[in-house]
Amino acid sequence: MKLTIFIVAAAAALLSVAMAAAPPPGQQTATGTDNLNTTTSTVEGPNITSSDAASFIFLPDGRFPPNFTFGGMLDPNLGSHDALSAGMRYAWPMIRDDCGRFVRRVKYCFVNEDNKTALRHTFKEAIKSWRQELGEPSAESGHNLQFKDVGNPYCYANWQNERNPENWQDGTDVDALAVRIERGTGSAYGTLGYQFALESAPGRHYMVLGDDHVGRAAHEIGHVLGLAHEHQRSDRDQYIEFRCNKLKGFSDAKKRAEQAAEFDVDYKLCNYQDFAIKYGFNIATQYTRGLGYLTTHDGADGFDYKSIMIYLSWESADDVRCRLNAEHCPLAKKGETGISAFVPFNERPSSRDVAFVRQFYRWVPQP
Ligand SMILES: [Zn+2]
């Protein structure tokens with residue numbers, strides 16, 4: 001059985017996720033970073049690639065295990081702001097672990113020894129913060145998410161500061177998430193969810209951390225699992241104030257655009273990703289609204305202010321007064337009295353972030 005799902009390239013351009021820096025060198029199947037507009041387009045379901053097929057568990061007659069689900073087929077009215085329900089990305093594939101359990105395993109590796117030394121602790125602690133909320137994979141916890149370092153011993157045999165498929169380490173799974181640090185950039189970025197590839201495409205999943213902060217690493221893990229930014233939900237304006245002109249770099253970008261005789265500059269800088277990037281206002285891509293039919297939202301309970309996937313109020317704030325008064329911040333909660341309030345720094349996954357995992361990384365009973 002073959003399942004092939006084609007996703008229109010234009011659709012991919014509309015979902016933006018997490019990051020501030022320019023994407024690393026492009027790769028055939030990679031998204032670039034949190035910003036998905038470089039996506040190509042064809043994503044295929046399981047059992048189509050030679051190398052990744054081994055990651056899947058099939059029953060002897062070729063059927064999938066009980067309760068096997070593809071992200072795109074789940075109820076689009078449930079869950080958080082994610083890219084899985086819309087079928088743009090997938091949950092990490094199911095395998096059978098050493099104990100014989102069906103698990104969805106996020107395979108990761110560090111690009112080389114130095115990066116492992118720098119990040120091992122941070123990455124493990126970030127996984128732990130998810131694990132503490134989720135519990136171990138089991139029928140009781142309701143999820144089958146597992147993380148495993150599959151480096152042999154690292155992602156690359158010879159890491160040279162760029163993703164080069166030629167240098168991928170023999171013996172390390174090609175679909176492993178390549179983790180590395182890029183100090184001094186102040187930003188983190190990575191791929192969103194799991195991507196199937198027509199060819200083996202080593203290094204197509206990656207995460208780059210700007211520092212060794214555990215909370216930020218846990219946020220990036222949310223993206224790895226398939227979560228998008230809560231504050232980019234299409235309906236976010238009902239719940240939060242986004243003041244684009246309070247972001248660092250807005251006035252400079254505005255000047256540049258006006259000098260280029262552009263019109264409707266304020267609106268375009270804050271709503272059109274390509275326009276913002278053209279005038280060096282890349283940070284806006286981390287705030288622009290997604291479109292509802294491409295990503296899903298929380299149910300009737302509304303917005304999740306506690307999600308680890310929302311930015312705190314003073315992220316990228318241009319005005320120091322934001323530290324004292326949320327009215328001066330790029331992002332703030334909409335108050336019932338008309339006075340806005342701070343969005344705090346959520347360093348741990350919320351109950352809804354966890355519910356997302358239980359939906360897409362659902363425990364599968366043993367056959
Ligand atoms: Zn993010």
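**Figure 1. Bridge partners of Ala178 in the predicted model.** In strand S8, Tyr206 is the bridge partner of Ala178, in a model that is predicted. Ala178 belongs to strand S6 and is also the bridge partner of Cys109. Five bridges join S6 to S8 (residues 205-209), and these two strands run parallel. The pairing of S6 with strand S4 (residues 102-110) is likewise in the parallel sense and extends over three bridges.

**Figure 2. Burial of strand S6.** Strand S6 spans residues 177-181 and is mostly covered, with five of its five residues buried. In a regular strand, side chains alternate between the two faces of the sheet. Both faces of S6 are covered. One side carries Leu177, Val179 and Ile181, and the other carries Ala178 and Arg180, each of them buried.

**Figure 3. The zinc site and helix H3.** The zinc ion has His219, His223 and His229 as its protein donors, each through NE2, at 2.0 to 2.1 Å. Along the sequence, the spacing of these donor residues is H-x3-H-x5-H. Helix H3 (residues 214-225) holds both His219 and His223, which are four residues apart, about one turn of the helix. Because its relative accessible area is 10%, under the 20% cut-off, His219 counts as buried. His223 has a relative accessible area of 0% and is therefore buried by the same criterion.

**Figure 4. Packing of helix H2 against helix H7.** Two packed helices are described by the angle between their axes and the distance between the axes. For H2 (residues 113-134) and H7 (residues 351-360), the angle is about 80° and the axes are 10 Å apart. H2 is therefore roughly perpendicular to H7, since angles of 65 to 115 degrees fall in that class. On the H2 side, the contact is made by Trp130, Glu133 and Leu134; on the H7 side, by Asp353, Val354, Val357 and Arg358. The residues of this contact comprise four nonpolar and three charged, with no polar ones.

**Figure 5. Buried residues of helix H7 and their surroundings.** Helix H7 is mostly covered, as seven of its 10 residues are buried. The buried residues are Arg352, Asp353, Val354, Phe356, Val357, Gln359 and Phe360. They pack against S4, H2, strand S5 (145-149) and H3. Among these partners, S4 also pairs with S6, and H3 contains His219 and His223, both of which are donors of the zinc ion.

Terms used. Residues numbered from 1 in each chain as written. Predicted model: local features only at pLDDT ≥ 70, side-chain atom pairs only at ≥ 80, totals over all residues. Heavy atoms only, no water. Axes fitted to C-alpha atoms, helices over the stretch in contact; angles between N-to-C directions. Parallel < 35°, antiparallel > 145°, perpendicular 65-115°, else oblique. Contact = heavy atoms within 4.5 Å. Nonpolar A, V, L, I, M, F, W, Y, C, P; charged D, E, K, R; others polar. Donors = N, O, S within 2.8 Å, 3.2 Å for Na, K, Ca; no water. Buried < 20%, exposed > 50% of the residue type's maximum accessible area, 1.4 Å probe, protein only. Pairing = 2+ DSSP bridges.
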